Amino acid sequence: MGRYQDWRSGTVYPDEGADPLERSHVEAALLALNSDDKPYHVRAALSAEKADVVAEWIVTDPGIGNGRGRRQVKRTVKFRMRLDGASHEARVCVDVEEVTWAGEPAKRVVARKRGSGPRTRAKSWRADLKKGPDGKRHRVYDFYFDSNDLRDPLQKVVLSAGWTWRGTRNP
């Protein structure tokens with residue numbers, strides 16, 4: 001699946017000979033990704049979002065520091081997808097927003113970053129080195145977040161339906 005790729009635009013093509021499904025089937029399969037055990041939510045887009053389907057993941061990193069110097073980052077990753085039934089393409093734009101809050105409790109915004117595009121990615125983690133049962137030190141994650149954990153299931157649904165996943169700046 002997705003053997004041919006265009007790395008610059010983030011476009012992935014389905015396998016040759018794959019019969020494309022109808023638009024309604026692709027949309028239903030994307031919406032079926034929702035479940036209570038997953039940290040993200042896939043929904044029909046609002047009219048202002050300029051898309052057909054939106055997958056959104058909001059995560060807040062654990063805070064670092066104490067008192068007024070405490071910092072906490074809230075990340076929102078949004079995949080906006082426009083489904084084109086005529087060309088069998090899912091045009092996808094990724095929007096990432098990071099807001100850094102300060103204080104305890106977090107009340108003051110000290111930094112704001114936004115990114116958008118076909119290959120935008122957000123990744124964050126906090127880990128410690130701890131001694132394992134074999135006596136060696138191992139990295140143990142206290143917190144781990146990667147936006148590809150949302151991109152991969154979405155892309156798999158689109159490609160298995162015989163559609164092209166096309167990265168764009170605006171869907």
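Q: Which residues of helix 1 are buried in this predicted model?
A: Happy to start there: in helix 1, which spans residues 23-31, the buried residues are V26, E27 and L30.

Q: Against which elements do the buried residues of helix 1 pack?
A: Their partners are strand 3 (41-44), strand 4 (53-60), strand 5 (71-84) and helix 2 (148-160).

Q: Why does K50 count as exposed?
A: Exposed means over 50% relative accessible area. K50 has 57% relative accessibility, so K50 counts as exposed. You will find K50 in the loop between strand 3 and strand 4, and its phi is positive, about 55°, although K50 is not a glycine.

Q: Why does H88 count as partly exposed?
A: The partly exposed class lies between the buried limit, under 20%, and the exposed limit, over 50%. At 26% relative accessibility, H88 therefore counts as partly exposed. H88 lies in the loop between strand 5 and strand 6. H88 is not a glycine, yet its phi is positive at about 55°.

Q: What is the omega of the peptide bond from E104 to P105, and is that bond cis or trans?
A: Omega is near 5°, and the bond is cis. To find P105, look in the loop between strand 6 (89-102) and strand 7 (108-117).

Technical notes: Residues are numbered from 1 along each chain as its sequence is written. This is a predicted model: local features need pLDDT of at least 70, side-chain atom pairs count only at pLDDT 80 or more; totals for chains, interfaces and linings use all residues. Side-chain values use heavy atoms; hydrogens and water are left out. Buried means under 20% relative accessible area, exposed over 50%, partly exposed in between (1.4 Å probe, protein chains only). Helices (H or I, at least four residues) and strands (E, at least two) are DSSP runs, numbered from the N terminus. Contact means heavy atoms within 4.5 Å.
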